[in-house]
Structure formats: structure tokens, C-alpha cells
Amino acid sequence: IRIAGIRGIQGVVRKTVNDELQATIWEPQHMDKIVPSMLFNMKKSEDVSSRTCLASSLGGEKEEDPSVLAENCFRELLGRATYGNMNHAVRPVFAHLDQHRLWDPNEFAVSCFKIIMYSIQVQYSHHVIQEILGHLDARKRDFPRVRAGIIQALLQAVAVAAKGSIGPTVLEVFNTLLKHLRFSVDFELSDRRSSVNSISFSANAKDNDERIVQNAIIQTIGFFGSNLPDYQRSEIMMFIMGKVPVLGATLPTLETSQLSDLGTRRFQIMLLRSLLMVTSGYSARTISAALPAPFLDPLLSPSLMDDCELRQLVLEVLHNIIDRHDNRAKLRGIRIIPDVSDLKIKRDKISKQDGSFMKKCGQQLYRHVYLGCKEEDNVQKNFELLYTTLALITIELASEEVVIDLIRVAIALQDVAILNEDNLPMFHRCSVMAVVAAYLNFLSQMIAVPAFCQHISKVIETRTLEAPYFLPETIFREKCSLPKSLEKEETNLFFLTNQMAESLGGSGYCVERLLVPYVPLVTALFRSGKKPHKRRRKSKDEDRLSRRRSLVDTLSIQVDLVPGCNLQEKVSSTEEITFETLKKAIDSNGLEEQEKEKRRLVIEKFQKAPFEEIAAQCETKANLLHERLTQILERTVRPPPSPSGTAAITAGHVHYRSIPVYEMKFPDLCVY
């Protein structure tokens, strides 16, 4: 009887093509009867499929399957739907699934939407997606498993629609999914708070259900994003990154202002996981196109927060974008690689665009790697990801200048572990030393400078015999004996800057910058006055950086920064400051042209030279000036009075009385 009824409906559908009934068959009162009858037969036959299989296996005659006939009729009906009546054919599906509670479990609902998406015309795919999104909004306060079933049905619809054009619904899909992700996080936390007050035994089960919803949303976002073309995917990456909340800031579009700190952290993790899914398999021609400043700055901001999981997700997203030759799997697991050539690393010549990107944003990447190694809550995975970050930068972006900068960062990390100004635990200090050893071993084989490789190999061999806890194979084992202290005098266990500079200088590298200690820059987040996430230990780093900046601001612009000579030559060539030199400087009639040229060179140097180099040279100049003044004070030099004022320098202090000429010509002297 059911087969006869299905054939009758199929005849009606076929007759609508060239009949006057075509205008009335698509009205809601007719579709509300036709569509549920098809779905009922499709589901009814699924329930008795096991009995049918048993009968056929026993040799009985095979009857015509009502589900197959109903499915064919349903496909034919959807295939004849047009732009104006598409919604009338789809909405009864939601009503049937809701009435019969078929969203949990949702196997039948998912199969229905697969049939719908493959049966309708391609240009109408976005109508179905909009209907699913609208139904998800209508059921946003329903049980978590019901919402998860709707989202999984959306995933199947998106899987089909992403292969073609889905019209204007790209941002709408992501915006709706992110909104429901925020709802799910909010529901999870509110249920957890209520369960604490009421001692509910079903709290853990409901939390797990919300996690199912969140994982379904993340999976849908990732699958949809990974099937978009690159130009659209970059826009979606920017869109998701713009939704990541920051403590102290509000995002009214997602109403995150009502979330607590725990909710904000949870939502941050969910968004970064979604971004990780979207960036999977993303390959841009240039890094500057994949990491523009509006995307890079907010992406790196969570990497300085006191949450190891957030920092891990940021580094993994960064790896997806930087790794354009799929080398990350070959670098998995931090270790001392005996022969890097066995890994068969794929790389191309560094392009001009990538070189300019590193000149512009390289210091920002170095800073976050440097500060990321100093976090107290780091675990083994954090150190492995930091090592992989350095290795991928070496493979994809390392010119000769970048190689020097990376070595400077590695030496600065070694100094962090040795000096321990941040009071890190011994495990973290040894882990940082292991990261430096593994990376310098990798770098030495990549640049293939024999003398440099020899020095790195010698230190690693010495550590293997005398201090194995400085190597990743030992420190990251479950049981590893740690030293009680690190002796600074054991130089044979450390990578020495002088020897590395000497070995690289013989191969044509410009090693002048290698002799300048690495100092992390203050990023635009702090310069712009925005309040970052409150961090207990970062205040010390920012204070140290601010002191360096104040030193540069205080010291005179008269510092000798003529390009072409190294730091030692500048220190040795500085003239002694005596009263005679001061007296000559007062009479500036013959020196005006020279001073103008000197000022021009200084300004040009300050505009083009790296910040660390300027800061180090200014500090060296200041120390030298302090020594010279100390010598003057010890010799008790007393200059004669002058018409414009008098100055008395006694053996213990310097006292000025109205000497505007000195203050104008020698602000350094006035400071000291």
C-alpha cells in the first residue's frame, strides 16, 4: 500500500512539469503532506532493513524497497524546485525531524541533507544553508545533542556547497557558528556554576554534551574554511582573528562582555582551534600576504599570556602559515639530528617579498619566541613548538641577516638559562639549553659552514659526556636527574659568541651584529597604549625594555654612529673629555658645517639601523663617558670662570651654575 502511495505522489510530481497544477503543488499546505510522507517511508525502511536483509539471505523473493522508491521521488521533487519554491520544499524537513526527535541520534537527518544538497540545483545551495542556520538560531536553547545534530547536518551541507559557489553566505555561516560557539561556552560555564551551587550529578554529562557541540562547530568551521579558495580563506582568517576576545576589551558582536575570565579564556581557545582548522593546508605565495600586520599583531598577542594551551595553539597556527613545503612533520619532536640531509628538507630561494617581511616583522617573531621560552608554565610541547618555529623560520625565511639574528636569539636564550634573572626552575633552564642546542645543531647543518658546525658539534659532544641534561633526549625523559646549579665558568658546555663570530666571519657573513646582544623590542601593542593581558612576570621584562628606551631618550644624539666601523673601534676611538675639549666646543664657529654633516649621519643611522644595535652602542658610549668623568673627578679639574657663568668640578660631585652653553652642547654631561 505504501509503495502504491509513493508511486501516486511520484506521478503527481512528474505531472507538475507541464500541467496547471505546477503553480499550486509547491504551496506549503501541499508540501507539508508530500515531504513528510517521503521522509516517513525513508526512515521506516531503515528500521526494517535488518529484517529485509535476513529474508533475502534465506532465499525469499526480493520485494521492491519503499525507501528506495521514496528517496527517488524525493530527489525528483527537489530537482524540479526553483528559486521561489525551494524553501517550501525544505522547511517541512525540519518540522518532521523536530517532531520525531531525529536530531539525536542524527544519522537519518544527516543522510536527508546529503540527499537534499546533491538533488537541488547548485545555484540554490546557499538557500539550504541559510535555512539550516535559521533553524539553528531557533533551537539555540535546546539540548546540546540536538544542537550538535543540527550542526553536523550543516557540516554535510557545507561539504557539498563548498565545492561550488555558495553566494553571500560565507561570512554569515562563520558569524552564526561563532555566535553559537560563544553560546555553548556560556551555557557550559553557567551549568557548571549552577552545579557547584546545587551539587548536581548530571553536570559532567552536560559539560561533555556542550563539548560535543563545540567540537562540531570547530569541525564545521575548519572543513568549510579549508575548502575555500585562498583569497577567501585569508579573509576568513582575518574575520575569526577579529573575534578573539582580549581581557579588558569588549566585542559587542559576539556579546563576550558577559563572559567571565574563565569564559573568555575558553572562548579564546575555541576560536584559535577554529583558526587552526582553517589554516590547515593553507599555502600562500608570500608570507607577507599570509601574515599582514592586522592579522599578525592580534595573533601573536595570546602568545604572551599566562596559558600554555593558548601559546601552543598560536604557534601551531603560525606553523600552518609559515610551512609552505610540508616540512613540519619531518621536524616533529625536539632532538639532536645527526644528519639533517636525511630529512630531505624542501625549500626554495628566499624571495624579495619574504626578505622585506623579515626586515619589517622579523623582530616581532623573535621577541615572541624569546619571551615564550621564559614562561614558567611551559611544558615539553611548548618547547617542541618553539624549536619547530625557529627551524621553520630558518627553512622558509632565513637570509644571511636572518641567520645572524636567529643566532643572536639563541645566544640570548642561553644567557637566560645561565644568568637566571627571571628565577626559572631548573627544569625550565635545562629545557631552554636543550632547545638552543637542538636548534643550533639544525642551523649549523642548514648553512653548512665547516668551522661553525665544528664548534656546535664539539659543545654537543661535551654535553653528552659531562652534562646530558642540557640535551633534549635526556631532559625530556620521564625521569631525569637535574643539576643543583649551573656554573658560569664551565664555558666548554656553552656556545661561545666569539668563536661563532670568527667561524662565520671567515665564510662571508657580516658578524658585526652578532656581537651586539639581542634585546627584545616593545611591540606596537604596548606602544599604542592598549592594556595587554595582566601578567605577573612580564612586568619585569617591560620595565627592563623601558629602561633601555629611556636610556636612548636621555643620552645625547651626539653619539658617534658613523656606519662602517664596529663597536670596538668606536670605543677605542672616542676622544678623552677634558676642559680643553669643552672649551674648544664652545667656540663652534669653525665646526658648524662638520656638526651639520654629523647630525645628518646620526639621523640617518637612527632611522635605518636596528633598535638593538643603537641601544647597545648608546649604552657603551654612556659607560665610557661615565668612566671619563670619573677620571676627571679624581684629578680634581677646576676650570677658570667664564663670562657667561662659572662651573666648579670638585672631587666628589659636579656642580653647574648657569652654564647654558654647556647644557646646549653637552646634554650627556648634564645628565651625569
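**Overall organisation**

Of the contacts in the protein with a separation of 6 or more, 77% are accounted for by residues 24 or more positions apart, where contact means heavy atoms within 4.5 Å. This is a predicted model, in which local features need pLDDT of at least 70 and side-chain atom pairs count only at pLDDT 80 or more, whereas totals for chains, interfaces and linings use all residues. Residues are numbered from 1 along each chain as its sequence is written, and side-chain values use heavy atoms, with hydrogens and water left out.

The protein has 30 helices and 2 strands; these elements are DSSP runs numbered from the N terminus, with helices being H or I of at least four residues and strands being E of at least two. Among the 672 residues of the protein, 49% are buried, a class defined by a relative accessible area under 20%, with exposed meaning over 50% and partly exposed lying in between (1.4 Å probe, protein chains only).

The largest nonpolar core contains 174 residues, and those with the most contacts inside it are Phe74, Phe113, Phe495 and Leu504. Such a core is a set of buried Ala, Val, Leu, Ile, Met, Phe, Trp, Tyr and Cys residues joined through side-chain atoms within 4.5 Å. Helix 19 gives the most to this core, with 15 residues. Leu504, when neighbours within four places in sequence are left aside, is in contact with Ile404, Ile407, Ile447, Val449, Phe452, Tyr509, Val511 and Leu514.

**Two helix pairs**

Two packed helices are described by the angle between their axes and the distance between the axes. Here the axes are lines fitted to C-alpha atoms, for helices over the stretch in contact, and the angles run from 0 to 180 degrees between N-to-C directions.

Helix 17 (residues 380-397) packs with helix 19 (residues 426-447) at an angle of about 20°, their axes being 10 Å apart. Helix 17 and helix 19 are therefore roughly parallel to each other, given that angles under 35 degrees count as roughly parallel, over 145 as roughly antiparallel, 65 to 115 as roughly perpendicular and the rest as oblique. The crossing of these two helices, helix 17 and helix 19, is right-handed, a term used if the near helix is turned clockwise from the far one by less than a right angle, with anticlockwise giving left-handed. Helix 17 contributes Phe383, Tyr387, Leu390, Ala391, Thr394 and Ile395 to the contact, while helix 19 contributes His428, Ser431, Val432, Val435, Ala438, Tyr439, Phe442, Leu443 and Met446. The residues of this contact of helix 17 with helix 19 divide into 12 nonpolar, 3 polar and no charged; Ala, Val, Leu, Ile, Met, Phe, Trp, Tyr, Cys and Pro count as nonpolar, Asp, Glu, Lys and Arg as charged, and the others, Gly among them, as polar.

Thr394, placed in helix 17, is buried with a relative accessible area of 2%. Not counting residues up to four places away in sequence, Thr394 touches Arg347, Leu406, Tyr439, Phe442, Leu443 and Met446.

Helix 4 (residues 66-79) and helix 6 (residues 107-119) pack at about 45°, with axes 8 Å apart, which makes helix 4 oblique to helix 6. Helix 4 passes helix 6 in a right-handed crossing. On the side of helix 4 the contact is made by Glu71, Phe74, Arg75, Leu78 and Gly79, and on the side of helix 6 by Ile115, Ile116, Tyr118 and Ser119. By class, this contact of helix 4 with helix 6 has 5 nonpolar, 2 polar and 2 charged residues.

Ala70 also lies in helix 4 and counts as buried at 0% relative accessibility. Ala70 and Met42 are 28 residues apart in sequence, yet 6.1 Å apart in space, C-alpha to C-alpha. Beyond its neighbours within four places in sequence, Ala70 is in contact with Ile6, Met38, Asn41 and Met42.

**Backbone details in loops**

The peptide bond from Asp104 to Pro105 is cis, with omega near 0°, and Pro105 lies in the loop between helix 5 (86-99) and helix 6. Asp326 has a positive phi of about 55° although it is not a glycine; Asp326 lies in the loop between helix 15 (308-322) and helix 16 (352-372), and is exposed, with a relative accessible area of 64%.
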